[in-house]
Amino acid sequence: MELVIKGKTYNLPIFMPDATHATIKGVDSLDLAATGLKGLVTNTYHLIVDDAVETVKLTGGIKKFMNFDGLVITDSGGFQAMSLVRRRKNAGKFTEDGVMFHNPHSGKRLLLTPESCIETQIKLGSDIIMVLDDCTHPDEKMSEQEISVERTIRWARRCKVKYDELTKNLSPTEKPMIFGIVQGGNSKELRKKCFKGLQEIGFDGYAYGGWPLDETGLLREILDYTAKLIPDDKPKYAMGVGKPNDIIECYKMSYNMFDCVIPTRDARHGRLYVIKDSKVETINIGNERFKDDFTAVDSDCECYACKNFTKSYMRHLFKVGESVFYKLASIHNVYTFNKVIEKIEALQI
Ligand SMILES: [Zn+2]
């Protein structure tokens with residue numbers, strides 16, 4: 001599938017690492033472009049808290065601000081509302097109007113409403129805007145999931161009204177897409193209700209929202225069920241997915257957009273991804289067995305790190321805590337995740 005946004009074509013499937021604060025730790029946008037990376041996801045809530053929104057707007061948008069030319073999605077902050085407000089007492093409040101956060105820097109109240117969320121994402125100038133959703137954890141009780149779904153639909157409608165108002169005079173080369181987020185926890189009935197409600201409002205694409213995992217791994221049944229609700233001519237975004245094997249599984253369910261912090265977070269912990277015999281494995285570069293291993297992390301990998309440095313040297317950099325390790329390891333992992341997407345049809349789990 002191809003997505004044409006603001007006059008530029010993006011091919012799906014696509015993997016986008018999370019650049020929450022308009023950056024990925026240890027690597028800059030040119031490093032990322034050199035890995036062949038096609039897109040990334042940044043975050044409305046974090047950029048508000050960072051006091052960066054007006055500066056980004058003045059620069060001409062997030063892509064110019066970061067000097068990154070690929071697809072940029074802004075997540076709405078709904079997930080942060082769940083993890084920072086819903087799951088913690090006294091950290092903020094949900095009302096019908098929106099979510100009230102305590103700004104961790106200034107201590108001031110920060111109210112994110114469906115309307116202000118869309119307005120902020122338009123200022124940020126991303127390619128794909130995500131609606132503000134009432135995100136839940138799958139282990140929350142059914143009555144909470146029901147409230148979340150109803151509110152998610154009502155907020156999505158308000159988001160769409162604001163989006164239509166703010167984009168009605170934009171040309172196709174200026175107009176971003178807007179995606180709905182399907183909530184409903186582990187309940188098929190609620191996922192269906194949520195999707196149908198969103199479909200009635202009408203969005204350019206649809207995302208699976210909420211945690212896609214529990215302690216045992218991927219929530220396969222509900223992910224698969226939700227994917228099948230969404231028509232195949234719409235992009236299907238599995239938010240927060242994930243590790244390469246989870247991406248491969250979700251792709252088989254018909255999802256074609258993925259984002260996660262994993263490649264760079266794992267890189268910082270010395271976990272490097274390697275494609276071997278059509279499977280994706282990890283190695284711990286700190287392992288003693290790599291002390292005198294003078295081959296590349298992945299001999300088939302053409303990334304900057306693998307072309308220039310050995311496992312032995314990478315292990316040394318990791319052991320001494322050298323910041324250049326984080327850069328090299330992140331470059332390698334992001335490159336490998338791109339390869340996973342390129343070769344996804346041939347890969348097995
Ligand atoms: Zn590499």
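Predicted model: local features only at pLDDT ≥ 70, side-chain atom pairs only at ≥ 80, totals over all residues.

Me: Which residues coordinate the zinc ion?

Reply: Donors are N, O and S atoms within 2.8 Å of the metal (3.2 Å for Na, K and Ca); water is not among the atoms, so sites may look incomplete. Here Cys301 (SG), Cys303 (SG), Cys306 (SG) and His332 (ND1) coordinate the zinc ion at 2.1 to 2.3 Å. Their spacing in sequence is C-x1-C-x2-C-x25-H. Helices (H or I, at least four residues) and strands (E, at least two) are DSSP runs, numbered from the N terminus.

Me: What geometry does the site of the zinc ion have?

Reply: Ideal angles are 109.5 degrees for four tetrahedral donors. Four donors count as tetrahedral if all angles lie between 85 and 135 degrees. The angles among the four donor atoms of the zinc ion are 99 to 117°, and the site is tetrahedral.

Me: How are helices H6 and H7 arranged relative to each other?

Reply: Axes are lines fitted to C-alpha atoms, for helices over the stretch in contact, and angles run from 0 to 180 degrees between N-to-C directions. Helix H6 (residues 114-124) and helix H7 (residues 142-167) have axes that come within 8 Å and cross at roughly 40°. H6 and H7 are therefore oblique to each other; angles under 35 degrees count as roughly parallel, over 145 as roughly antiparallel, 65 to 115 as roughly perpendicular and the rest as oblique. Among the residues that meet are Ile118 and Ile122 in H6, and Trp155 and Tyr163 in H7. Contact means heavy atoms within 4.5 Å.

Me: Is Gln145 buried or exposed?

Reply: Buried means under 20% relative accessible area, exposed over 50%, partly exposed in between (1.4 Å probe, protein chains only). Gln145, in helix H7, has a relative accessible area of 2% and is therefore buried. Apart from residues up to four places away in sequence, Gln145 touches residues including His137, Pro138 and Leu190. Lys160, also found in helix H7, is buried at 17%. Tyr273, in strand E16 (residues 271-276), is buried at 5%, and its contacts include the zinc donor His332. Both Cys301 and His332 are buried.

Me: Which peptide bonds and phi values deserve a second look?

Reply: Most residues other than glycine have a negative phi, and most peptide bonds are trans. In this model the bond from Leu12 to Pro13 is cis, with omega near 5°, and the bond from Val241 to Gly242 is cis, with omega near -5°. Asp51 has a positive phi of about 55°, and Asp277 has a positive phi near 50°. Asp51 lies in the loop between helix H2 (44-49) and helix H3 (53-59) and is exposed, with a relative accessible area of 65%. Asp277 lies in the loop between E16 and E17 and counts as exposed at 69% relative accessibility.

Key
Residues numbered from 1 in each chain as written. Heavy atoms only, no water. Tetrahedral: all angles 85-135°; square planar, octahedral: opposite > 155°, others 65-115°.
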